[in-house]
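Hi,

Here is the structure I promised to pass on. Have a look at it first, and then read my notes below.

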Amino acid sequence: MEKNKEIVLSGIRPTGFLHLGNYFGALQNWARMQYEYECYFFIADWHSLTTHADTRELRSNTISLVSELIAGGLDPDVCTIYAQSDILEIPELYLYLNMLAYKGELEKTVTFKEKARKQPENINAGLLTYPVLQAADILVHRSHFVPVGKDQEQHIEMTRNFAERFNHRYGTVFPVPKAFSYSDGLIKILSLDGTGKMSKSEQQMNTIYLKDEDDLITKKIMRAKTDQGPQSPNSKKPDYIEGLFTLLSLVSSAEVLAKYEDDFNHCRIRYGDMKKQLAIDLIRFIKPIREKAAALQNDPAQIDEILAKGAEKARKSASATLSEVRKALGFK
Ligand code: TRP
């Protein structure tokens, strides 16, 4: 199939193992997009330094992340997978964009305020300019679409502003990129206790990782929060129940889902049975991904080679952009 000419880019920080929220919220879309667009997916290792000063696990995290991305559906022969830190054009562009980013708007960014609250002892300038580095990631390939979750929309909006300011001041170099999601919208995977999204770092037992062994998956599902069941027909599901149904809709058959929907609506649901079924179906789904990721992870030389090839392709695109940028700025 002939791909669209538009450029798609997204990135992920190497700060932990991938979970179902990452898979259904991001990776699955990326895997589909790679066949439709010119796609760049990268490991945001520089970004991780804003919150993870200790870099001892950076390399192993990167290797496991790339392994999981590939096991989860990215094909390094179809899309470009690279580490941010291999592309030195990014910090050069970051420097130029920093002159177009104002202290006031950076301080107002929601993610900045949150992280500053979480690490008051380390509110570094990198944290403040995090969205500028992200804009450089995006603009360095003159990207059109950026598939990201809701929490990143403000960063994309800022990227659009920086691109417009640059184009306006120095001449048009950048397309103004858009946040992207397939029209079916983003799937939100809830934490197993129903409090917010599944997340990488918090509450390990409420998050299902792609690396979880079969019995751990069963254990987590069986202890997920439920209640005594609805007291009247066709009730609204509480968040923690809705979350289990979402998982069921993603990994179980249509018949299984319909049966438990029906049981719920008729107040005869047995959550124990539903969870047993969900655990079986989740294991069937995760096991092949986990095994493929483990095999890749045990062959770091292969991952290095994939990243080297990706970096080469990414550098080609980035250096073409930077030569336009330098020209527009008036450097030779
Ligand atoms: N900030 C993103 C996150 O936390 C990661 C990221 C860095 C990114 N650079 C990017 C995402 C560029 C999209 C495009 O999830």
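The protein splits into domain 1 (7-180 + 299-329) and domain 2 (204-294), with bounds that come from an automatic or database domain assignment. Bear in mind that this is a predicted model, where local features need pLDDT of at least 70, side-chain atom pairs count only at pLDDT 80 or more, and totals for chains, interfaces and linings use all residues. Residues are numbered from 1 along each chain as its sequence is written, and side-chain values use heavy atoms, with hydrogens and water left out.

**Between the domains**

The centres of domain 1 and domain 2, taken over C-alpha atoms, are 33 Å apart. Where they touch, eleven residues of domain 1 contact 14 residues of domain 2 (contact means heavy atoms within 4.5 Å). The buried area between domain 1 and domain 2 comes to about 1200 Å², and carbon and sulfur atoms supply 82% of that. Buried area here is the accessible area, with a 1.4 Å probe, that two parts lose on being put together, summed over both. On the domain 1 side, Leu20, Phe24 and Ala71 lose the most area to domain 2, together 46% of what that side buries.

Helices are DSSP runs of H or I with at least four residues (strands are E, at least two), numbered from the N terminus. Helix H11 (residues 239-251) and helix H12 (residues 254-265) have axes that come within 9 Å and cross at roughly 155°. The axes are lines fitted to C-alpha atoms over the stretch in contact, and angles run from 0 to 180 degrees between N-to-C directions. So H11 is roughly antiparallel to H12 (over 145 degrees counts as roughly antiparallel, under 35 as roughly parallel, 65 to 115 as roughly perpendicular and the rest as oblique). H11 brings Ile241, Phe245, Leu248 and Ser249 to the contact, and H12 brings Val256, Leu257, Tyr260, Glu261 and Phe264. Sorted by class, that gives seven nonpolar, one polar and one charged residues. Nonpolar means Ala, Val, Leu, Ile, Met, Phe, Trp, Tyr, Cys and Pro; charged means Asp, Glu, Lys and Arg; the others, Gly among them, are polar.

H12 also packs with helix H13 (residues 271-297), at about 165° with the axes 11 Å apart, so H12 is roughly antiparallel to H13. Here Val256, Tyr260 and Phe264 of H12 meet Tyr271, Asp273, Met274 and Gln277 of H13. That contact has five nonpolar, one polar and one charged residues.

**Helices H4 and H14**

The axes of helix H4 (residues 89-98) and helix H14 (residues 300-329) come within 10 Å and cross at roughly 30°, so H4 is roughly parallel to H14. Glu89, Glu92, Leu93 and Tyr96 of H4 meet residues of H14 including Arg315, Leu322 and Arg326. The classes are six nonpolar, one polar and four charged.

Cheers
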